[in-house]
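Thank you all for coming. I would like to go slowly through one structure today, moving from the contact between its chains to a helix and then to a single residue.

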2 protein chains.
Amino acid sequence: MKTLKIIKIGGNIIDNEKLLADFLIKFSRLEGLKVLVHGGGKLASKLANKMGIDVKMINGRRITNTETLDIATMVYAGKVNKSIVAQLQANNCNSVGFSGADGNTIVSEKRPVNDIDFGFVGDVKKVNTEVLQLLVNNNVTPVFCALTHDKKGQLFNTNADTIVSELAIGFAKYFEVSLYYCFEKYGVLKDVNDDNSVIENINSNTYKRLIEDKIIADGMLPKLNNCFHAIENQVNKVCIGKPEMLFQTSSKYTTIEK
Amino acid sequence: MKTLKIIKIGGNIIDNEKLLADFLIKFSRLEGLKVLVHGGGKLASKLANKMGIDVKMINGRRITNTETLDIATMVYAGKVNKSIVAQLQANNCNSVGFSGADGNTIVSEKRPVNDIDFGFVGDVKKVNTEVLQLLVNNNVTPVFCALTHDKKGQLFNTNADTIVSELAIGFAKYFEVSLYYCFEKYGVLKDVNDDNSVIENINSNTYKRLIEDKIIADGMLPKLNNCFHAIENQVNKVCIGKPEMLFQTSSKYTTIEK
């Protein structure tokens, strides 16, 4: 089985032109087959502001209506995605931008309405890797934005951490997959105020204890749930940390184990 | 050699939700390998207005600056392209959206500054069909918006009529290519006020006469120049007319001959 790296970058890189350009140069040089998934960043909110559109919140949660879905589609699939693809091409990394509608790669369904109707937010139902395999097997790197579709013509906003985990699982049938979550910290920290407190390995047992001890909470919980979902579904390796973990310039990062 | 249809649709279809949906249903049913290229439509100007951005004109020609290039990228590669791809998927036509940066498919260079600096407008230099061939040979339909790149990280606005002609020429090495320019008229008209005055065939000799007689002028000139460029460079068949020409529901259209 060939190996394949799937890498997620978030707002901390995307919102910083210099960081992003630097990351993409190094990403282009990474050897082997690879897939990139990018989150949104702050550009969508900025555009909404410019257009005088209020971002609707219910109980502190963002709601995606028709207008904000249009903005997400324009910013994520348009501006951000094409800017990344053009920069990769400049670095001789042949790539093709994707939403989940392209190649019917990620099919989702509208998040069920319980207490809150999130609007056009989709939960992933199925990943189809046929088209992606054609590309990666020819050394072309798919670059995903965090949009999916329901195969009935509707696009959905979807969490990028979930997309990257589901893509990794979809690819794991055909490749030995390593999944990398890049974010602003060196890894999962025992003490959020101490960069040197990186937890090197977390398995499902230690994970439970870390939650009980409230060392892992808030935004880290869904991220780590996505990690465990991947490692429990044939993904070979899951790591969280700064992008440097990919380029062997940092040995500090967290590895997720079964 | 397999046959391949390359079809261009413009603003008259893209700006009309119902017309577009109807076109995409019929397009999905078209048998054989196919590529779709879409122009921009009025959505980009509408967004610019909403954002309070003035579209700069010099001598009546539109200038693409950083702000309007961002808008073009968001609207054409984002909103319009993904909406078309999602609708095609709903109609069981597997498709992948492309700008010229994706797959390094269309490399352009900034239009030389003579009297006017058009800004981020690119003239096509080279078409690479490798990635596109992978897809079309697997019955996946590429859907192009009218953006290209210079392979140095810069995106460019590029005329959609030119893109479709250059793509057709690029594919003509590997496929028997038919190129269809869909627009709001039944074809090239002898009398612009008479829908029944469609000129059935134009060749390079009759073309010269039609220009001399001022029957072909204004916007039709660059369109027809693109047609002749294609037919003189190994493209098998070039037609101009309403989309109905594709679906055998109209026999009125103009065929371009060498």
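Please keep in mind that this is a predicted model. Where the two chains meet, chain A contributes 35 residues and chain B contributes 35 residues. On the side of chain A that touches chain B, the elements giving two or more residues are α4 (66-90), β5 (95-98), α5 (130-136) and β9 (147-149) of chain A, and of these α4(A) gives the most, with 13 residues. Sorted by class, that side of chain A has 15 nonpolar, 13 polar and seven charged residues.

Let us turn to a helix in chain B. Within α8(B), the residues B:K223, B:L224, B:N226, B:C227, B:A230 and B:I231 are buried, and, looking down the helix axis, the buried residues of α8(B) fall within an arc of 150°, so they line one face of the helix. On the other side of α8(B), B:L221 and B:P222 are exposed. Among the elements covering the buried residues are α6 (160-171), β11 (176-182) and α7 (204-212) of chain B.

Finally, is A:H38 buried or exposed? A:H38, which sits in strand β2 (residues 33-38) of chain A, is buried, because 26 other C-beta atoms lie within 10 Å, and the cut-off for buried is 20 or more. Leaving aside neighbours within four places in sequence, A:H38 is in contact with A:I9, A:I14, A:V80, A:I84, A:C145 and A:A160.

Definitions and conventions. Residues are numbered from 1 along each chain as its sequence is written. Chains are lettered from A and ligands numbered from 1 in the order in which they are written. This is a predicted model: local features need pLDDT of at least 70, side-chain atom pairs count only at pLDDT 80 or more; totals for chains, interfaces and linings use all residues. Two residues are in contact if their C-beta atoms, placed from the backbone, lie within 7 Å. Helices (H or I, at least four residues) and strands (E, at least two) are DSSP runs, numbered from the N terminus. Ala, Val, Leu, Ile, Met, Phe, Trp, Tyr, Cys and Pro count as nonpolar, Asp, Glu, Lys and Arg as charged, and the others, Gly among them, as polar. A residue is buried if 20 or more other C-beta atoms lie within 10 Å of its own, exposed if 12 or fewer, and partly exposed in between; C-beta atoms are placed from the backbone. The arc is that of the directions from the helix axis to the C-beta atoms.
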